[in-house]
Amino acid sequence: MKQYRHLIRPYLIWSLVLVVIPLFLIVFYAFTEEGNEVLTFSFTWKNFARFLEATYLNVILKSFWLGFITTAICLLLGYPLAYFISRFSEKAQDTLILLVTIPMWINMLLRTYAWMNLLSDNGIINQLLGRLNLGPVSMMYTDFSVLVGLVCNFMPFMIIPIHTSLCKMDKSLLEAAMDLGANRVQTFWKVTWKLSMPGVVNGVMMVFLLAVSSFVIPKLLGGGQYMLIGNLIESQFISVGDWNFGSAISMILAVIILISMRLMQKMDKLQQEE
Amino acid sequence: MKNKLIELRNLTKNFDDQQVLKGISLDIYENEFLTLLGPSGCGKTTTLRIIAGFEEPSDGQVLFNGIEISKVPPYKREVNTVFQKYALFPHLNVADNIAFGLNLKKVEKSVISQKVERMLKMVGLSGFENRDVTLLSGGQQQRVAIARALVNEPKVLLLDEPLGALDAKIRKQMQLELKKIQREVGITFVYVTHDQEEALSMSDAVVVMNNGEIQQIGTPTDIYNEPENRFVASFIGESNIIEGHMIRDYLVEFDDFQFECVDKGFEDNEEVEVVLRPEDLDIVEPEHAKITGVVRDITFKGVHYEIMIETEKRMYNVHTTDYAPVGKKIGLLFGPEDIHVMCKMGAY
């Protein structure tokens with residue numbers, strides 16, 4: 001193995017240029033503002049202070065709320081599905097997991113446009129509802145359409161880690177639990193659920209992270225006025241041109257996410273120790 | 001007389017189109033150490049799993065204290081299992097693993113900790129309460145698995161090749177301990193193994209199985225000394241198996257000689273098979289014996305020599321403390337009680 005170690009170097013350079021340096025630039029922009037002719041920039045807390053305005057706080061609250069709901073729905077739908085898949089024979093499991101991941105092979109934008117077509121006022125769903133004299137129902141540019149987009153896009157990130165941890169579980173543990181007097185429900189909560197926790201934690205973190213920081217899906221499915229933190233950052237960089245403020249929001253988002261991940265891990269540990 | 005605890009009546013089990021149990025009938029008594037012995041795939045584990053409730057028999061009955069239980073789920077049965085690979089819960093420590101069953105029954109916390117402590121003492125793991133089960137050695141995990149099952153005070157403990165994954169020395173030690181534990185707690189143990197030595201040294205009763213059928217049920221001495229057929233004789237211990245026929249009661253003929261024996265109840269001139277255990281044979285000067293032969297090979301085995309003797313008809317395996325050089329002509333001596341006559345059975 002050792003002789004291949006130098007092969008990592010191109011990758012290191014690559015990530016230095018594309019990940020580490022941009023991160024430093026974000027920190028740099030976040031703490032500076034444009035200065036005078038002598039010094040082109042100066043240190044400031046202003047960008048962070050500006051974030052405390054109610055408009056922006058509402059944006060971040062809404063983002064986290066939407067991230068939370070998306071994660072909860074993904075967990076509620078994804079766990080049973082992962083559990084269901086793990087009960088099949090190994091060959092069937094491979095096929096089913098492939099089916100779960102197939103949507104990810106298609107570009108996310110394309111998938112989102114497809115949802116726009118499905119959900120729009122004269123889309124397929126509304127046409128069907130119209131035939132049944134139930135519609136049309138306005139679904140586009142609402143919380144509902146954004147949630148549908150987020151959940152469908154991020155579901156595989158929930159299912160796959162949970163499925164992996166369920167597969168790794170020794171099936172004789174379930175028999176052992178039943179043997180010791182646990183009925184099916186008790187066996188699930190006392191053994192299966194506990195042992196799949198690492199998968200659940202991974203899935204929750206991934207989906208939450210992706211949902212909170214997403215901006216394309218809310219923009220397309222939520223319309224222009226639908227402002228989430230991802231859209232806010234995007235607009236600061238692209239349309240407003242205030243890179244300093246955009247960087248500050250990015251940093252705040254990163255810090256909040258880091259803190260919530262730590263809390264999540266702590267909670268997982270506490271639950272394991274119970 | 002001991003009470004029947006479990007009765008298996010004509011159990012059959014099919015997996016897909018394969019029949020793994022072909023009519024198992026067996027009585028298991030209170031306070032008995034019963035071993036299901038047989039080669040892999042003989043149906044012994046399936047039988048155990050049916051008693052535990054993990055499999056439902058395709059046909060037949062399982063009676064527990066006279067009540068049919070073959071449809072009762074495992075968590076409602078008064079039996080507990082020690083699994084082949086222990087199946088300890090990796091997310092719980094030693095004490096919580098053992099307390100699993102008691103916690104489900106909502107036993108008071110102080111009672112649980114007392115019982116757990118007592119169990120740990122019995123299996124020799126006092127002070128291990130807070131250890132991580134995944135960091136224990138195989139032998140220690142096995143003890144935790146036994147404690148976890150016994151703490152529920154089952155009527156029957158089922159053990160599925162529990163010593164299979166342990167190395168030889170610890171296995172020997174655990175055999176003695178299991179037997180000791182069984183006497184201490186005074187409940188029925190049903191033990192599954194493919195190791196004949198294990199079966200003979202621990203059991204009160206041995207059930208020899210092959211191809212989904214019971215070949216013989218008996219005490220270890222019966223099974224060893226009076227095998228009922230060729231399979232039992234060859235599976236348990238080494239043996240010389242010789243085809244012959246009964247002249248009449250107490251007289252058998254094989255290798256063109258007639259011998260007195262202690263067996264009766266066969267038909268006159270019935271084709272039979274005769275078992276001669278290698279350790280029952282002695283070597284003497286050729287003129288003192290009916291069957292004579294030439295030493296072809298001699299191996300020192302520590303306690304005895306293993307001598308291969310070629311006679312006119314076949315090769316005999318003899319275990320004796322006497323030495324004879326290769327090429328020497330010698331006679332084979334054995335008494336009437338050394339001859340075990342069995343019914344002839346289909347080809348093996």
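**View 1. Aromatic pairs in the predicted model.** Searching the whole structure turns up 30 aromatic pairs over all chains; rings of Phe, Tyr and Trp (its six-membered ring) count as a pair if their centres lie within 6.5 Å. One of these pairs is F51(A) with Y56(A), which is stacked (planes under 30 degrees apart; over 60 is edge-to-face and the rest tilted). Their centres are 6.5 Å apart, with 10° between the planes. Both F51(A) and Y56(A) are buried, meaning under 20% relative accessible area with a 1.4 Å probe and protein chains only (exposed is over 50%, partly exposed in between). Ring pairs also join Y79(A), Y83(A), F188(A), W189(A) and W193(A) into a cluster.

**View 2. Charges over rings in chain B.** Here, a charge sits over a ring if NZ of Lys or CZ of Arg is within 6 Å of the ring centre and within 35 degrees of the ring normal. R277(B) lies over the face of Y224(B), 4.1 Å from the ring centre, and K290(B) lies over the face of F259(B), at 5.1 Å.

View 3. Just after α3(B), G124(B) takes a positive phi of about 75°.

**Notes.** Residues are numbered from 1 along each chain as its sequence is written, and chains are lettered from A and ligands numbered from 1 in the order written. In this predicted model, local features need pLDDT of at least 70 and side-chain atom pairs count only at pLDDT 80 or more, while totals for chains, interfaces and linings use all residues; side-chain values use heavy atoms, leaving out hydrogens and water.

Technical notes. Helix = DSSP H or I, 4+ residues; strand = E, 2+ residues; numbered from the N terminus.
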